[in-house]
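Please read them with the structure open.

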Amino acid sequence: MNFEELLNDLQAREDRARAMGGPDRLARRDAQGVLNARSRIDAFIDSDSWTETGLLAVSSMVPEDHDKTPADGKVAGFAKVDGRMVGLISNDFTTKGGSSSATNMKKIGHVKRVATQRGFPLVFLGESSGARMPDNMGARGMGNNLGHDPGQYVRQRETPWAAAVLGQCYGSSAWYACLADFTVMRRGAVMAVASPGLASMAIGQDIEAEDLGGWKLHSQVSGLVDRVVDTDEEALAEINTFLSYMPSHCNEVPPRAAVPAGSDAGAARIEDILPTDRKRGYDVRKIINCLADLDSFFEFKPKFGRTCVTGLARLDGRTVGFLASNPMGKAGALDVAGCEKATRFTVLCDSFNIPLILLVDTPGFVIGIEGERQKAPGKIMNFMQALQMCTVPKLSVIMRKSYGQAYLNMGGGRNSDDVAAWPTAEISFMDPDYATEIVTWGQPADDARKREIRQQMENDASAYGLAEIFAVQSVIPPSATRRYLIQQLEIHELRPTGGIGQHRMGAWPTTY
Amino acid sequence: MASIEVTSEVIGSVWKIEKAVGDTVAEGDLIMILESMKMEIPVEAPAAGKLSQILVAPEDSVDEDQILCLIEN
C-alpha cells in the first residue's frame, strides 16, 4: 500500500473502533435516555482534552471476536476535568456487555498505573457484565486472562478514585466501585458479585435485580454507594463535584476555592435551629450548612448510618470533612452502620489532607443483640483506630450531649487537636434522665434496674467542668463557631510538611 | 400541581400533629412531631404549599422513609 492508502486504512480502523457496538445498539440506549461509553466521556471532560489509549485494541482471546470487539469493549484514556488531569475507564456495554478480557484488562492496568504514578485521579464509569465468556473458561482461559498483575486490587489511596454504577455492574465494574473513594449510582442500575440470572441459576430460585443489587440496597443497607442519582449526566456531575474538593494526589493539599458572599451570615442562625428543649431533635445538616461556606456541603451516604452525617464542605475556601452526630437518627446514638460510615469517612479525609471537623451530640452507642451480631464492639474500635491514627487536623465541637465511649469516638479529650464546647453541652459517662432509656432501648429492663443504672451516674455534666481542667480548650457560643473553626484551621495547618499528613491509613481496607 | 412527599427520617411513632389537611405551610413550618428513642423528632415542610393529605395519626408507628403527608405547590 502507498502512504495514502495506509493512512486511509488507519482512519477506517479508528472509525470502526469509535463506532462501538453499532448504530442499532447505540440508538436503543439513546431511546432509553442512557448515554453510551463515549458520550459519557464527552459529557464529563473538558472539551478537546481527550487522549485515548488502546483505541485499536481488540479481543486477543477469540479469533471470531476480532471484528466484534472495538476497543475491546472498554474505552480508556486521559483527559482534563476542570483543568486537571484524570485517568478514565468507560465501559462499552454495546460491545460484548463491556465484559472483561485480556486486552481490556491490560488497558485498565495501564491507566491505573499511570494515574497512580503520575499523581492524578482515576474515574471508572461502570457498566459491565463481568468476565467475558468463553475467554475466561478453562485452565488456559484463566491463566491467560487473570492474575498477571499482583497489585491489581491493592488500594493505597495515592490518588482519589471515583466510580459510577451506570447499568449492570458485575465483576470489574463492581470491584472498582467498591475500591473507589466516591461511588455514585443511577437508579435502575444494578451492582452485585454476579447477575440475577446467574444467581437465580445458582440457588434455583428467581432473584429480582433490585433485591440483589439495586440502589436502595446499596445506598441504605450495604452502604457501598455514597449517592444516588436519576441520570448518567447527574452521576457525572456528582463525580465532578467530588473531585472539586480533592487534591490530584495525596501529596498535594486540596484546591482552595473562593468564599461565596454571605457565607458568614449562617452562624448567627444556629441559636434559632438548636432547640432549647434537650429532648427535641434537629437535623444537624442545618447546623453544618450554617457553619460551612455557602452551599458547599456535599453529603456522603445520607441514608446509611443515619445516626451521623458525613460529607465534604469548605470553610473559608478550604476543603474540610464534617462528621456530625445527627439527633434525627436514633437520637444520635451511634450504631454499627454509623461507626462504619464514620470510619470510612475519617480514612478518606486523612488520606487526602482534609481536616476533620466533628460536631457532637450523642447519648452513646446503641446497644442490644442486633448490634452485637454485627460486631458492634469491633466496629467501635475500628472507628477509634481510624480517629487515633489520623494525622490531619481534627477539631471537635461538643454541641449538646457527649457521653461515655462515644465522647472519645467523637473526638473528646486528646482525640482531637482542639475541642470546644457550647454552653448547651452535657458531658458525662451516662445521662441519668435520658440515656438510661436510650441505651436500654429494645431490651427488657424494669424500673428497679433503671434506678440502679441512674444511681451510678455523675451529677455535674456541664461544659465548665471540662473547661476548668483544660479538657476542652474553650466554651463558645454557637454563633462564634464558624469563626472559631476557621481560626483553628489556620493554627493547625501542617506547616512543616506543606499541609500534607502522614497517610498512615492509605491502605485501610475499602470495605470491612 | 406537583405533589411533594414528606417522609420520616426515623423509625418511631407519631406523637403530635400540628397542622391540618388544607393548611398552607411555608418551607420549614412544623407539621408534626414524631417520637423516636425518647427524642422528639420534628417533621418540617421541605417546601411551601398546601397540605393535601396527612397519612398518619397520633400513636401510629412509622418507618424510615415512610410517607407521612403530601404537600401540593
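1. How many bridges join β3(B) to strand β6 of chain B, and do these strands run parallel or antiparallel? Two bridges link β3(B) with β6 (residues 49-54), and the strands are antiparallel. In this pairing, T24(B) lies opposite K50(B) of β6(B). Keep in mind that the model is predicted.

2. As background, the strands of a sheet pair through backbone hydrogen bonds.

3. Chain B contains eight strands and zero helices, so the pattern along its sequence reads β-β-β-β-β-β-β-β. Of its 73 residues, 30% count as buried. Among contacts in chain B with a separation of 6 or more, 56% are between residues 24 or more positions apart.

4. On overall dimensions, the C-alpha trace of chain B spans about 35 × 20 × 20 Å along its principal axes.

5. The contact between the chains involves 14 residues of chain A and nine of chain B. On the chain B side, strand β5 (residues 39-44) supplies the largest share, with four residues. By class, that side has five nonpolar, three charged and one polar residue.

6. Turning to chain A, the largest nonpolar core has 145 residues, and the members touching the most others are I239(A), L359(A) and I398(A). At least three residues of this core come from each of domain 1 (3-145 + 154-245) and domain 2 (263-497) of chain A. Leaving aside neighbours within four places in sequence, L359(A) is in contact with V284(A), I287(A), F322(A), A324(A), S325(A), V397(A) and M399(A). In soluble globular proteins, nonpolar side chains tend to be buried together.

7. Is S60(A) buried or partly exposed? S60(A) counts as partly exposed because it has 18 C-beta neighbours inside 10 Å, whereas a buried residue needs 20 or more. S60(A) sits in the loop between β1 (51-53) and β2 (74-81) of chain A. Not counting residues up to four places away in sequence, S60(A) touches A102(A) and T103(A). From S60(A) to Q168(A) there are 108 residues in sequence and 24 Å in space, C-alpha to C-alpha.

Notes: Residues numbered from 1 in each chain as written. Chains lettered and ligands numbered in written order. Predicted model: local features only at pLDDT ≥ 70, side-chain atom pairs only at ≥ 80, totals over all residues. Buried ≥ 20, exposed ≤ 12 C-beta atoms within 10 Å, placed from the backbone. Contact = placed C-beta atoms within 7 Å. Core = buried A, V, L, I, M, F, W, Y, C linked by C-beta atoms within 7 Å. Domains from an automatic or database assignment. Pairing = 2+ DSSP bridges. Nonpolar A, V, L, I, M, F, W, Y, C, P; charged D, E, K, R; others polar.
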